[in-house]
Structures are given as C-alpha cells and as structure tokens.
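Here is a short report on one protein structure. Look at the picture first, then read on.

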Amino acid sequence: METTLTTPAVSSAYQDAYRRAQQAPGDYWLEQAKRIEWIRPPVTGVSTAEDGSHRWFADGQLNTSWLALDAHIEAGRGEQIALIYDSPVTDTIERYTYVELTEQVARTAGALATLGVEKGDRIVLYMPMVPAAVIGMLACARLGAIHSVVFGGFAARELAIRIDDAKPRVVLSASCGIEVDRLIPYKPLLDDALSQASHQPDACLILQRPQVEAKLQSGRDHDWQAAVAASEPAAAVPVQATDPLYILYTSGTTGKPKGIVRDNGGHAVAMHYSMEVVYGMKPGEVFWAASDVGWVVGHSYIVYAPLIYGCSTVLYEGKPVRTPDAGAFWRVIESHQVNALFTAPTAFRAIRKEDPEGKLLAKYDLGSLKRLFLAGERLDPPTYHWLKELTGLPVLDHWWQTETGWAIACNPVGIAMMAEQPGSATCPTPGFQVEILDQSGQPCPAGVQGAVCIHQPLPPGCLAGIWGDPERFHRSYFACHEGYYLSGDGGYIDEQGYLFIMGRTDDVINVAGHRLSTGEMEEIVASHPQVAECAVFGVDDELKGQLPLGLVVLKDGSTQSPDAIVEDLISMVRAQVGAVACFRRAVIVHRLPKTRSGKILRRVLRQIANGEDYVMPSTIDDPKILEEIAQHLTLY
Ligand code: COA
Ligand code: AMP
C-alpha cells in the first residue's frame with residue numbers, strides 16, 4: 001500500500017488496477033476468483049447471457065454459506081469469533097465462533113429442509129436485528145435456496161407485495177422487533193401481510209423472543225427454536241456461480257419495488273475483493289457495518305463480506321442515539337475492538353446533534369479503529385469535517401447502490417490511499433468503468449455534471465436481473481444509453497479524477513439512509529377519495545438528508561376538512577409503507593405546476609421547497625401557479 005497520499009489521476013497503482021480491469025475484465029476477475037474456495041473453480045470469466053446481460057464465472061460451482069463458515073474451520077479459524085451480537089435494547093452481548101455459527105446455520109438449514117425447502121426455493125425473512133436473521137440467511141444459502149429479506153420497518157402491505165412477487169415456500173420471522181424502548185410485534189404484521197397476499201407460504205418459522213410471545217397458527221406456523229432443536233445439520237449444496245443467492249427489493253420509480261437478483265459466484269468474489277481493496281481489512285479483524293440486514297449494506301457488510309473474508313462482524317440492535325445516548329457507537333467500538341466502522345452519514349448527524357463537541361467520545365478508547373466509512377447518501381462536508389476533527393481518522397465516503405451490492409466508487413485504500421476530498425466518493429473502484437454522459441449519450445468533459453453511467457460489463461457482484469421481470473431490468477438500467485448501465489444518480493468527475501455524486505435524477509429519495517419511492521407515496525396519497533391529484537417529492541432535511549413532502553389538489557366539493565384530509569394522508573402512508581417513510585407533511589394547493597403537455601414540474605417544486613433559485617420553465621402552462629405554491633410553502 002502506498003503510504004503517501006495521492007490522487008486518482010496520478011496514482012500509478014490505482015491506474016494500473018483500473019486499466020487491467022477495464023482492458024481484460026475476464027482475466028482480471030478470474031485472477032481475483034482464485035482467492036476464494038470453489039467446489040469447481042471457474043475457467044470462464046465473463047460471458048453474455050441470452051438477454052445480452054453479462055454473467056460471471058458461469059462454469060464455476062460453490063456454496064456461499066460453506067465459503068463464509070466451514071471454509072474457515074477447515075483453514076483452522078474455527079475458534080475465531082465470527083459474529084458479535086450487541087443489543088443495547090435487550091442489554092445483551094453474545095459472541096459466536098465460526099464453529100458455533102456453522103453449527104447453528106447447519107441445524108437451521110436442517111429445519112428448513114424438513115419443511116421441504118430445496119435449492120431454488122424462495123424464503124422471505126422479516127426479522128429484527130438478531131443473530132437468527134443472519135443464521136436464517138446463511139441457512140438458505142446452505143441449501144441453495146434464495147432468501148429475500150424485508151426490512152422490519154416496512155408495513156404489512158410492503159411485505160405482502162414482496163411475498164406475492166417472490167412466492168416464498170417458507171417465511172422466517174420473529175415475535176417482535178424493538179425500537180429503542182418500544183416493542184413492535186412482528187407476527188400481527190406478518191399475519192396481516194399474509195391476509196393481503198395472494199401467495200401463501202407452506203410454513204412460517206417464528207422466533208419467539210422473550211419480550212413478546214407470538215400466537216402461532218396451527219398447521220402453518222412453527223416455533224423456530226423447537227424446529228431447529230429437532231433437526232439434523234444439513235450439508236452445503238453445490239450451486240452454480242450464476243444461481244441466485246438472494247433477491248433484495250428496492251424502491252424504483254413506481255409503486256412496485258424491484259427485486260434485485262444477486263448471484264452466488266460473482267457476489268462471493270466481489271465481497272472478498274472489496275474487503276481488501278475498499279476497506280483495507282485483514283482476516284481476523286473486526287468489521288462493523290451499523291446498518292440493518294434488511295438493506296443491501298446489511299447483506300453485504302454485516303453478513304457476507306466480513307464472513308467470506310474471515311473477519312468478525314458486529315450485529316448491532318440499537319440506534320446511534322437514545323440506546324442509551326449519543327456515545328453508543330463509541331462504546332461499541334471500544335467494547336469489541338472494532339477496526340473499521342461503516343454507517344450512513346445520517347447516523348453521525350444524529351450523534352452530532354446530541355453531542356456536538358464529542359464529549360461522550362472522550363469516555364471511550366478508540367485505539368482499535370483505523371477508518372470510518374460512510375455511504376447510503378452523500379456525505380455532506382459539515383458532517384465530514386466534524387468527524388475528521390473529532391476522530392483524526394480517515395473518513396471515507398463511498399458510493400454504491402442495492403443494484404451493485406458493493407462500492408462503485410471509493411477511496412481504494414487496499415491499493416493506494418488517495419487524499420480525501422470532502423463531497424466526493426473519490427474514484428471509480430477497479431471494475432466499474434464510470435462515465436458521465438449528457439442527454440445525447442456523449443461523455444461530459446471534466447467538471448461538467450451529467451448522468452453517472454457504468455460501461456458494460458459491470459464487474460462481478462452486481463445485479464443479475466430483476467426477479468420475474470426481464471423487460472423492466474432492461475428498460476430501467478440498459479435502455480437509456482446503449483452499452484451502459486444507468487445508475488439513476490447525477491454527478492461529475494473533476495480534473496483530478498474525483499467523482500462527485502450529486503443526487504438522484506429520478507423519483508427515488510433517501511430518508512435517513514433509507515431508499516424510498518416518491519412514486520409509491522403518490523399512488524397511496526392519490527388513492528384517498530377526496531384527492532384529485534398530487535405530487536410527492538423530497539426536500540432537504542438537516543438530519544435525515546431528505547424528507548418527503550406532498551402537494552395535494554382536492555376534488556371539487558370535498559366534504560372533509562383540509563386538516564382531516566392531511567391527517568388521513570399521513571396515516572395512510574405510515575400504514576401502507578411504514579414509519580420509515582417519514583411522510584409527515586402534505587400541503588393542500590389549488591393546482592400543480594405542469595408543462596403544457598401535462599407533466600408535473602417536480603424539479604422546480606423541489607427547488608422552491610428548498611428555498612433555492614429556480615428558472616421559470618419555458619414549457620410551464622401557467623407561470624402564476626409557482627408564486628402561489630411558493631407562498632403556500634413559505635407559510636407552512
Ligand atoms: N422496525 C420498525 N420501525 C422502525 C424500524 C424497524 N426496523 N426502523 C425505523 N423504524 C421506525 C422508527 O421507530 C421511527 O418511528 P416513529 O416515526 O414512530 O418515531 C420511524 O421508523 C422513522 O425511523 P428513522 O427515520 O430511522 O428515524 P429515527 O428517529 O428512529 O432514527 C436515525 C434516526 C438517523 C438515528 C436512524 O435513521 C439511523 O440510524 N439511520 C441510519 C440508517 C442506516 O443505517 N441505513 C442503511 C444504509 S448504510
Ligand atoms: P440504496 O440502493 O438504498 O443503497 O441507495 C442507493 C442510492 O443512495 C444511490 O443511488 C445514491 O442516490 C445514494 N447514495 C448511496 N451512497 C452514496 C454516496 N456515498 N454519495 C451520494 N449518494 C449516495
């Protein structure tokens with residue numbers, strides 16, 4: 001590793017890795033593939049599937065669960081800690097060695113096999129942040145079954161949509177989640193979801209937590225602990241590298257989430273590579289991704305990457321604040337000798353708000369911590385500077401998406417440490433050929449903003465499809481500029497090779513690191529009987545990055561009071577998407593600003609709501625309407 005700081009444009013080590021991955025991707029990644037254990041090592045690097053998309057290591061065979069667990073036991077690391085469960089909300093700390101975790105996973109896989117689960121079956125998990133969630137995911141992978149984890153903060157309707165799309169044979173869930181000091185009974189939510197869904201699973205395996213006892217439905221629901229205790233350990237089933245490991249639903253621009261499909265082989269290679277190149281970790285070290293297993297960060301960096309790479313991973317069932325205070329993160333780092341922490345900037349904004357001078361940090365020894373990693377939303381320069389001053393550590397922004405599964409852009413510390421540039425995610429990770437394109441598909445010059453695209457082939461680990469919808473897969477990502485993946489983010493690359501991501505160019509918003517669709521919220525708001533039309537868009541928020549705001553036009557002769565309608569709308573979104581949507585503001589207006597062809601001018605609305613300057617669009621049907629809206633939003 002280079003010791004002096006450099007920049008992407010001049011670092012020869014980085015340029016060399018980037019070029020090798022660009023010029024001969026198949027060879028570059030076959031070389032990386034040798035670093036993991038295969039049942040049958042691949043000889044094919046990249047190949048093209050019938051639909052024109054790319055596949056990695058098509059002739060390779062492996063088992064991801066075996067790779068993440070048993071392989072370490074065979075290599076003599078069985079007694080090393082694999083998983084540290086730290087739960088301030090239940091006052092619990094548990095540690096599992098690789099031997100112990102393997103035993104639990106194999107038995108849980110045995111329980112699933114007893115319920116008839118086979119390779120290729122889908123299993124939905126709706127779980128809080130407890131070890132059983134990680135064990136359940138790895139148990140599915142052991143059988144070659146495809147897991148689909150649904151974030152516990154989503155409402156029953158969201159769960160039902162995912163159940164109907166993935167059509168699981170079994171659902172894994174728990175009696176409750178715990179939000180600081182509030183118990184969230186999960187089973188009634190699951191029962192509600194199943195009553196809304198057309199697809200019904202054969203069985204549900206329910207983890208009874210001591211805080212809440214779930215009522216089990218005879219014939220369908222089984223007690224998790226009893227089923228596992230009665231089962232024999234199941235062996236790892238060989239799968240093709242291209243077989244799906246999981247489906248993870250993410251928000252698109254419509255009400256229907258996209259089921260991002262991840263393969264086994266490319267994913268395992270990418271996870272292993274990223275632990276070294278992106279995070280600069282060594283096997284045996286402690287990695288903590290303070291996220292949730294329901295998000296891609298949780299999949300990749302709580303579960304798969306640290307375990308595949310042979311690290312100890314921390315599973316934290318708590319918040320950055322209030323469990324019990326804003327010193328919680330520093331406490332966990334000291335308690336478990338964490339070497340690298342990865343979280344969303346919003347978590348540090350919450351900590352900063354409560355402890356701006358970092359007084360709580362002074363109580364703890366952060367000697368083990370080498371680097372801080374931030375992603376999920378743009379790392380705003382004030383948060384960057386605050387963290388930098390407070391910790392004196394490298395504070396590294398990196399940019400990625402559910403679709404890619406790992407960092408598209410990062411400070412590649414395992415190759416060369418670049419000088420930090422606040423506001424930039426540094427440079428494209430080797431394998432991701434990032435280009436900034438203008439509307440006609442031409443490359444933008446340095447410093448000029450455009451659509452951030454990735455030249456095909458995408459490297460290993462990226463999305464292999466949208467579950468059950470190849471047409472949407474093509475349309476969403478590859479139809480806009482031929483030969484490129486469209487990220488949905490706008491940004492630019494400067495003269496020094498630094499990439500700046502400036503935000504989404506579509507109707508996706510980011511609320512406290514949670515990716516949400518304004519299109520979906522619009523569909524819910526528009527379903528209110530008194531609403532004629534509406535627009536939901538994201539406005540800046542100091543703590544959560546963005547918050548949704550609804551502008552609503554009522555039907556003529558509406559009988560309910562405007563306040564009552566707004567209250568209805570807020571509770572409808574909360575009930576149908578979940579509390580995480582944070583939809584708390586709706587403003588009633590007479591009309592919405594539109595182009596002459598009837599398109600709502602969302603960009604201008606966002607600018608007005610954020611108090612930014614805006615240019616009156618020449619296509620607007622009635623310019624006066626913007627003044628009226630601006631008045632409404634100022635009054636609010
Ligand atoms: N289950 C049930 N409810 C949940 C939930 C879960 N897993 N997660 C969040 N919620 C609820 C919260 O309790 C809250 O409910 P309320 O409106 O009744 O108070 C609501 O959803 C909004 O949650 P959130 O936006 O997370 O706000 P918060 O005030 O609870 O916490 C932060 C704010 C910044 C501390 C928190 O959002 C955070 O830690 N964010 C980091 C996100 C992250 O890790 N993202 C992954 C990408 S790296
Ligand atoms: P998700 O799929 O939930 O991980 O959300 C992906 C989206 O979050 C991206 O398309 C970006 O809009 C945003 N995002 C993630 N990381 C960053 C980052 N480091 N900088 C700016 N935006 C980010």
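The text below covers a ligand site and then a sheet.

This is a predicted model, in which local features need pLDDT of at least 70, side-chain atom pairs count only at pLDDT 80 or more, and totals for chains, interfaces and linings use all residues. Residues are numbered from 1 along each chain as its sequence is written, chains are lettered from A and ligands numbered from 1 in the order in which they are written, and side-chain values use heavy atoms, with hydrogens and water left out.

**The ligand site**

Ligand 1 is surrounded by 25 residues (a heavy atom within 4 Å counts as near). The closest include Glu-179 and Lys-544. Domain 1 (95-239) and domain 2 (512-633) both give residues to this shell, so ligand 1 lies between them. The domain bounds come from an automatic or database domain assignment.

| Residue | Polar atom | Distance |
|---|---|---|
| Arg-574 | side chain | 2.8 Å |
| Arg-322 | side chain | 3.4 Å |
| Val-580 | backbone | 3.4 Å |

The protein covers 84% of the 950 Å² of accessible area that ligand 1 has on its own (Shrake-Rupley method, 1.4 Å probe).

**The sheet**

An open sheet has 4 strands in the order 25-26-28-29, with antiparallel pairing. Strands are DSSP runs (E, at least two residues), numbered from the N terminus. Two strands pair if DSSP finds at least two bridges between them. Strand 25 (433-437) and strand 29 (499-504) are the edges, each pairing on one side only. Strand 25 is joined to strand 26 (residues 450-455) by 5 bridges. Ile-436 stands opposite Val-452 in strand 26.

Terms used
Polar contact = N/O pair within 3.5 Å; in protein donor to acceptor, adjacent residues only side chain to side chain.
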